[in-house]
Amino acid sequence: MHPLNVLNERITRCRLCPRLVAYREAIAQSKRRQFRDRTYWGRPVPGFGDPAARLFVIGLAPAAHGGNRTGRIFTGDRSGDWLYEALHRYGFANQPVSVHRDDGLTLIDCYIAAVVRCAPPENKPAPEEFDRCRPYLVQELALLERHQVVIALGKIAFDHYLKACRDRGEVGPSPAPKFAHGAAYRLPWGTTLLGSYHPSQQNTFTGKLTRSMFHAVFEQARNLLRGTDGKPTREPGVTAAPPGSRSNSRRQRCR
C-alpha cells in the first residue's frame, strides 16, 4: 500500500478534536433535506489524487454537506464545481465534475487536500484544531516528493501551508509571503506558491472571484510545470498578480 494511502486511513480514523467529531457526526445524522436519502461520510476527509503529483492544491476544510457528505474533498458543492472544472480545463483531471467517490474522476499530476480534515461549525476551525490537524499536512508534503507548485485556496490555506513548511524545518523568506489573489512566490526550498481566492459562493456570487481570475491561477500552474512560462524571475517574497486580480485577505469559507 502506498504510504499516502496509509496516511489517509489514519486520517479517516482521527478523533482528536471532540468539537469537530460531534459536529461532523451530527450533520451526517440530520442531513440536508435534498440529501435525506443519502448516506453521509461523516468522518475526516482524506487527501485525493496522484501520489506522483507535481501540483498540490490545498483548501481550508470540508463543507458540511459537501466533502463531509461525499467523503471526497471539494466534492458535492459549488466550490468543487469550480475547482474540478478548472483542473480539467488545464489537464489535471480526466473530467470536469466531481459528484461522489465512485464517479470515475482521476486526477493527473495533481493532489488535493485541506488544512483541517473535518467540517467545522460555522466554517471556522478553532486554533487548537488547526494545530492538531497540521501534522497530517506536514506528512503529506513529505510524501508528495515530486510536488513543485502549490495552489492555496484562500488566505488561511496559504498561511497554514507556510506553517506546515516551517514545521518541516524549512526556512522561509523574510518578510513572510503575504496572501493575494494571483500572488506567486518562489520559495527557498524550490516550490512555487500561488495564491487564489477560495471559489466559495460568497466570492463567486459577488464577482470577487470570476472564472477568468480563477483560471489564470491554474493556467500559471500549468505553464510553470510545462516550463513555458519560465520560473518566477522575482526574488522570494515578491508577489506577482495577473491582470484583473484583486488583493484581499479576508477569511475564506471552508469547502
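Is Cys110 buried or exposed? Cys110 is buried, with a relative accessible area of 0%. The structure discussed here is a predicted model.

## Cysteines

Cys165 is also buried, its relative accessible area being 2%. A disulfide is a covalent bond between the sulfur atoms of two cysteines.

## The sheet

Six strands form an open sheet with mixed pairing, in the order S1-S3-S2-S4-S6-S5. Its edges are S1 (48–49) and S5 (184–186), each of which pairs on one side only.

Within the sheet, S2 (residues 55–59) and S3 (residues 110–114) run parallel and are joined by five bridges. Ile58 stands opposite Ala113 of S3.

## Helices on the sheet

Helix H5 (residues 127–143) packs on the sheet and touches S2 and S3. The direction of H5 makes about 170° with that of S2.

Helix H8 (residues 211–226) also packs on the sheet, where it touches S2, S4 (149–153), S5 and S6 (192–196). Here the angle of about 170° is between the directions of H8 and S6.

## Helix H4

H4 (residues 78–89) has 12 residues and spans 17 Å from first to last C-alpha, close to the expected 16 Å. After H4 comes Gly91, which has a positive phi near 85°.

Ser79 is one of the buried residues of H4, and the others are Gly80, Trp82, Leu83, Tyr84, Ala86 and Leu87. Their cover includes S1, S2, S3, S4, helix H7 (201–204) and H8.

Conventions: Residues numbered from 1 in each chain as written. Predicted model: local features only at pLDDT ≥ 70, side-chain atom pairs only at ≥ 80, totals over all residues. Heavy atoms only, no water. Pairing = 2+ DSSP bridges. Helix = DSSP H or I, 4+ residues; strand = E, 2+ residues; numbered from the N terminus. Contact = heavy atoms within 4.5 Å. Axes fitted to C-alpha atoms, helices over the stretch in contact; angles between N-to-C directions. Buried < 20%, exposed > 50% of the residue type's maximum accessible area, 1.4 Å probe, protein only. Expected span 1.5 Å × (residues − 1).
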